[in-house]
Amino acid sequence: PVKYAAAADAFRNVRLSDGTDIVLAPGANLTSSFARNERKITSFHGVAYFKVAHNKARPFTIAFGSEKIRVVGTQFEVGAFDKHRAVAVAEGVVVVESKKEKKPVRISAGEQYRVNKAAPHGVVRKIPVSVVGSWRDGFLAFDNADVHSIVDRLNAFYGEEIFSASDDDWNDASFSGIVKLSDAAGTARSLAELFPIEAAPTDDGFVLNRKNSR
């Protein structure tokens, strides 16, 4: 087995021995184990974008909690955390196989499969292909975005409900700028430096307050 990890404040590009390219988001890690007739990611945590080299004779699988992602050759992103897992496809098709479900779930380009407390058996939804892996440049750009849009995009990137908005009146607030992505704490600092926002730590993440509102 070969292990790869990205630092908490940096992205990492990885090329596996079969030619598969992976972008690991800050804090992500995985373990690969390849054999003549199979390619396996035996453990994975965090967010990553995969561009899997086509090889029909050597199936590529990724451990996905109690499930497994199977792919021949395609491009997709995966988020795997303790309370939330998601896979979104930019090109091609991936299949999620579960011991709990008899029928595998096929996910095509422009679709996302999510598993969390609200959807323990998984749910598929449509998403724009353009947003899949858009974080690979290392930042998120906002143009007159409201705070709830910022929260949604950040949580989609981290794969968990890490950020939330306070009960402050945000109706007259919109934000434009480029937020550099890091681990959650680093991104919270970037938000506070760029926008009139305070990112207050909580037990589960950060709540965004209007500066001087508390």
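F81 sits in the loop that runs between β8 and β9, where strands are DSSP runs of E of at least two residues and helices are runs of H or I of at least four, numbered from the N terminus. This is a predicted model, in which local features need pLDDT of at least 70, side-chain atom pairs count only at pLDDT 80 or more, and totals for chains, interfaces and linings use all residues. Residues are numbered from 1 along each chain as its sequence is written, and side-chain values use heavy atoms, with hydrogens and water left out.

Back to F81: its relative accessibility is 13%, so F81 counts as buried (buried is under 20% relative accessible area, exposed over 50%, partly exposed in between, with a 1.4 Å probe and protein chains only). Leaving aside residues up to four places away in sequence, F81 touches H45, G46, V47, Y158, G159 and E160, a contact being heavy atoms within 4.5 Å. F81 and G159 are 78 residues apart in sequence, yet their C-alpha atoms are 6.8 Å apart.

Next come the salt bridges, 8 in total, each a side-chain nitrogen of Lys or Arg within 4 Å of a carboxyl oxygen of Asp or Glu. In one of them, D18 pairs with R39 at 2.5 Å, N to O. The pair links distant parts of the chain, with D18 in the loop between β2 and β3 and R39 in strand β5, 21 residues apart. D18 is buried at 18% relative accessibility, and R39 is buried at 1%. Another bridge joins K68 and E97, with the closest N and O atoms 3.6 Å apart. K68 belongs to strand β7 and E97 to strand β10, so this pair ties together parts 29 residues apart in sequence. Through shared partners, salt bridges join K68, R70 and E97 into one network.
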